[in-house]
Amino acid sequence: MPRLIGAAQSVSSQAQQITTFNSSGTLTTQPLTSEIEYLVVAGGGGGGGRYLGGGGGAGGYRTGTGNPVSGNSPYPITVGAGGSAGAENSAGGDGANSVLGTPSPITSTGGGGAGSGDQSTPSQGRDGGSGGGASGYGNRSADPADSGVGNTPPVSPSQGNPGGIGGSAPANYGAGGGGGASAPGAPAPTPGPGIGGAGGAGSPSTISGSDVTYAGGGGGSSRSPETNAAAGGAGGGGAGGVHGTSAGTAGTTNRGGGGGGTAGYSPIPAAGSTGGSGVVIVKEAAITIASSCWDLRQVYRQIKADEWA
């Protein structure tokens, strides 16, 4: 037995453990764990379909420390799917929520689907963890109410940002970008040149042991004669499509990125693009526990056994 300063002690320990859930499952904590660090990202919203679909909102992004748990206990984990691609003149689907099912549960809301349709009654961008971007407007004025609201329902710190508004006539017009975890979706410039708004930037996290950015918004679609695609937000946001040239790009799987919007027009398919699925990551700290208090009888026994230094 080693000689210690004081009596020989009983020592219990556990190593740091990082558990990543790319799909739903169960977290079983280690025996000595009493609290956890977490990252919970929901599924991103789908990009709007033609005509001039907006970018999907990123899935809600929530992170924190000190979430209380019991050791050696199971907790349900839900990882939200990305939202569906919007059909012609239809908004993209909302992303699904991700949930850390501890006694103090953490829910991140799915990203809002993007708006679509450039006529007098376009479908609006939808509210969510981050809001979906609005469509390009054609023959009517841009309306901020047509882009989705972020951080819905509200939590603090905020889980996301609003989508951007679309451009409007008489000049060329593009669609708004989806909101991201750290920035709103960009509006499409009015007047033209017709490029869509970029997706809002996501937020970085090092919980996995690497520096990774999550929850970027999707880019809005662009109208001709513009030939450049609006960028998706850093953190998995898909790029917007270009009128008659390219469709929107899907959000990145397990990053919670919003899908890029599709402008449409032959030969490009009418549908927008899907949002990226979410992720849940849990970190349990390394812990060492040792006894440290002794009465005089214990001291005597340890000295007699030559186990006291």
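Two strands count as paired if DSSP finds at least two bridges between them, and strands themselves are DSSP runs (E, at least two residues) numbered from the N terminus. What follows is a look at a predicted model, in which local features need pLDDT of at least 70, side-chain atom pairs count only at pLDDT 80 or more, and totals for chains, interfaces and linings use all residues. Residues are numbered from 1 along each chain as its sequence is written, and side-chain values use heavy atoms, with hydrogens and water left out.

On that basis, an open sheet of 4 strands turns up, with the order 3-6-7-8 and antiparallel pairing. Strand 3 (25-28) and strand 8 sit at the edges, each pairing on one side only. From one strand to the next the twist averages 20°, with axes taken as lines fitted to C-alpha atoms and angles running from 0 to 180 degrees between N-to-C directions. Strand 7 and strand 8 are joined in the antiparallel sense over 3 bridges, and Ser98 stands opposite Ser108 of strand 8.

Next comes the nonpolar interior. A nonpolar core is taken here as a set of buried Ala, Val, Leu, Ile, Met, Phe, Trp, Tyr and Cys residues joined through side-chain atoms within 4.5 Å; buried means under 20% relative accessible area, exposed over 50%, and partly exposed in between (1.4 Å probe, protein chains only). The largest such core has 13 residues, and Ile77, Leu100 and Val280 touch the most other members. Strand 4 (35-41), strand 6 (74-78) and strand 11 (279-284) each put in at least two residues, with the largest share, 3 residues, coming from strand 4. Leaving aside neighbours within four places in sequence, Ile77 is in contact with Phe21, Ser24, Gly25, Leu27, Val99, Leu100, Gly101 and Val280, contact being heavy atoms within 4.5 Å. Apart from this core lies another, of 11 residues, among them Ala181, Val212, Ala215 and Val279.

As for charged pairs, the count comes to 2 salt bridges, each defined by a side-chain nitrogen of Lys or Arg within 4 Å of a carboxyl oxygen of Asp or Glu. One of them joins the side chains of Glu88 and Arg50 (3.2 Å, N to O). This pair links distant parts of the chain, 38 residues apart: Glu88 is in the loop between strand 6 and strand 7 (98-100), and Arg50 in the loop between strand 4 and strand 5 (61-68). Glu88 counts as partly exposed because its relative accessibility is 34%, while Arg50, at 18%, counts as buried. The side chains of Asp94 and Arg126 also meet in a salt bridge (2.9 Å, N to O). Here, too, distant parts of the chain are linked, with Asp94 in the loop between strand 6 and strand 7 and Arg126 in the loop between strand 8 (106-108) and strand 9 (203-205), 32 residues apart. Asp94 is partly exposed at 33% relative accessibility, and Arg126 is partly exposed at 42%.

Asn254 lies in the loop between strand 10 (212-214) and strand 11, and it counts as buried because its relative accessibility is 17%. A polar atom of the Asn254 side chain lies 2.9 Å from the backbone oxygen of Gly278. Setting aside neighbours within four places in sequence, Asn254 is in contact with Asn22, Tyr214, Ser277, Gly278 and Val279.

Key. A polar contact is a pair of N or O atoms within 3.5 Å; within protein, one must be able to donate a hydrogen and the other to accept it, and residues adjacent in sequence count only if both atoms are side-chain atoms.
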